[in-house]
Amino acid sequence: MTTTVSEPIAARATAIRREIHRHPELGFEETNTQAIVERELDAIGVEHRRIAKTGVVGIVRGAHPGHVSGLRADMDALPITEDSGEECTSQIAGKMHACGHDSHTAMLLGAARVLQESRESFHGTAVLLFQPAEEGPGGALPMIEEGALDDPHVEAVTMLHIDPRVPTGSIGITPGPVNAAADEFHITIRGKGGHGAYPHKAVDVIPCVGATILALQNVAARETDPLASIVVTIGTIEAGYRNNVIADKAFMTGTLRTHDAAIRETAAEKIRRIVEHVAEAYGAHAHVEMLLGYPPVVNDRELAASFAAYAREQGFTVERPAPTMGGEDFAYFAERVPGVMVRLGIYNEAVGSIHSGHSPQFRLDEGAIPTGIATLVAFARGVGDGSIPIPAR
Ligand SMILES: [Zn+2]
Ligand SMILES: [Zn+2]
């Protein structure tokens, strides 16, 4: 076992990453990326099928019996115009692989090749889960509903996500919740319009909006255990017509991020209570609509611990980065079977790999690609031969 991969495999994965990077595709439009995945799997003789419109499931069967692992890579890009200065910069205005999903797909193809070429010493089966639309509306759930984890039955699942908090060459494995539930809320406040000079004859929603935003800070600041994780953000406000007209309605949107199911549920109730009663205090009327997003990603504690120990044994440098409040629909896979999300270090000042994902300046240190491939291979081999035990559920 090794923590890196051969030069030709790393070079091929890097070339594929650049090819995908030049042609970014948004959620459920990944037809070109899907074709690249199929082309590469055909080239190495790995069986595959289409799933969830633009997704692909591939299967590498080891020569020896063993357990079934799932390796997941997302494929979609973001609606951002690239300003990274990378040589393989996006050829499509308004679309960019700013979250590293191009590299996730390329690294899974690299891992598929390593496993396929070493089938004679591979115990078990690796199910390759090439997933569309992670950035929205979500491809994990449709893949699961179409049987991605069923035939053969996946017993433990992993994924890589590039992470500029971790240096290139290292990986990060953290047990428990690592990404947040990402829920959305819409607030509509209704008052009574009128002349800006005669406020007493109207119900002005503008001061009500201000009071609502301030009062909502109480959900995190005063009403949630300070040791728990929560974010309440108002992202947009729309209200008003002109300087001398009293606004009769306002519309706001926000995001609620939590790690814990109970806190997620009670926070939604707190938002509703505060918004409705502040409006009442101002003589207005408010309505809150909660739109549930991805659940939190919870790394199986046993699986995370045993994979981290196994990876260290193999010579990987394994860190334990803090959880984040970002969202990830890998959550659905990890709800169905024991799962562990691995952070792949890409921080490298020398190549400008320092920006956070979703930034137009985001650059990826391709030096991380061999480590990423080796990590996926280690998981498949470790789960396959029982070195990484499948936790009971
Ligand atoms: Zn992203
Ligand atoms: Zn991402």
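What spacing do the donors of the zinc ion (ligand 2) follow along the chain? I looked this up before anything else. The spacing is C-x1-H-x59-H. I note that I am working from a predicted model.

**Entry: zinc ion (ligand 2)**

I listed the donor atoms next. Cys99 gives SG, while His101 and His161 each give NE2. These atoms coordinate the zinc ion (ligand 2) at 2.1 to 2.4 Å. I then checked the accessible area of His101. Its relative value is 0%. His101 therefore counts as buried, the cut-off being under 20%.

**Entry: zinc ion (ligand 1)**

I turned to the zinc ion (ligand 1). Its donors are SG of Cys99, OE of Glu135 and NE2 of His358. They sit at 2.0 to 2.3 Å. Along the sequence I read their spacing as C-x35-E-x222-H. Cys99 and Glu135 link distant parts of the chain, 36 residues apart. I placed Cys99 in the loop between β3 (64-74) and α3 (101-117). I placed Glu135 in the loop between β4 (123-131) and α4 (140-145).

Buried or exposed: how does Cys99 come out? Cys99 is buried, at a relative accessible area of 10%. Glu135 is partly exposed, at 27%.

**Entry: the two ions together**

How far apart are the zinc ion (ligand 1) and the zinc ion (ligand 2)? I found 3.1 Å between them. Cys99 coordinates both ions.

**Entry: Glu86**

I went back to the loop between β3 and α3, where Glu86 is found. Glu86 is buried, with a relative accessible area of 10%. Which residues is Glu86 in contact with, leaving aside its neighbours within four places in sequence? I noted Arg17, His21, Arg363 and Leu364.

**Entry: Asp163**

My last stop was Asp163, in strand β5 (residues 156-167). Asp163 is buried, with a relative accessible area of 4%. I looked for side-chain partners. A polar contact of 2.8 Å joins the side chain of Asp163 to that of Arg165. I also listed contacts, leaving aside neighbours within four places in sequence. Asp163 touches Arg343, Leu344, Gly345, Ile346 and Tyr347.

Asp163 and Glu265 are 102 residues apart along the chain. Their C-alpha atoms are separated by 29 Å.

Note on methods. Residues are numbered from 1 along each chain as its sequence is written. Chains are lettered from A and ligands numbered from 1 in the order in which they are written. This is a predicted model: local features need pLDDT of at least 70, side-chain atom pairs count only at pLDDT 80 or more; totals for chains, interfaces and linings use all residues. Side-chain values use heavy atoms; hydrogens and water are left out. Donors are N, O and S atoms within 2.8 Å of the metal (3.2 Å for Na, K and Ca); water is not among the atoms, so sites may look incomplete. Helices (H or I, at least four residues) and strands (E, at least two) are DSSP runs, numbered from the N terminus. Buried means under 20% relative accessible area, exposed over 50%, partly exposed in between (1.4 Å probe, protein chains only). Contact means heavy atoms within 4.5 Å. A polar contact is a pair of N or O atoms within 3.5 Å; within protein, one must be able to donate a hydrogen and the other to accept it, and residues adjacent in sequence count only if both atoms are side-chain atoms.
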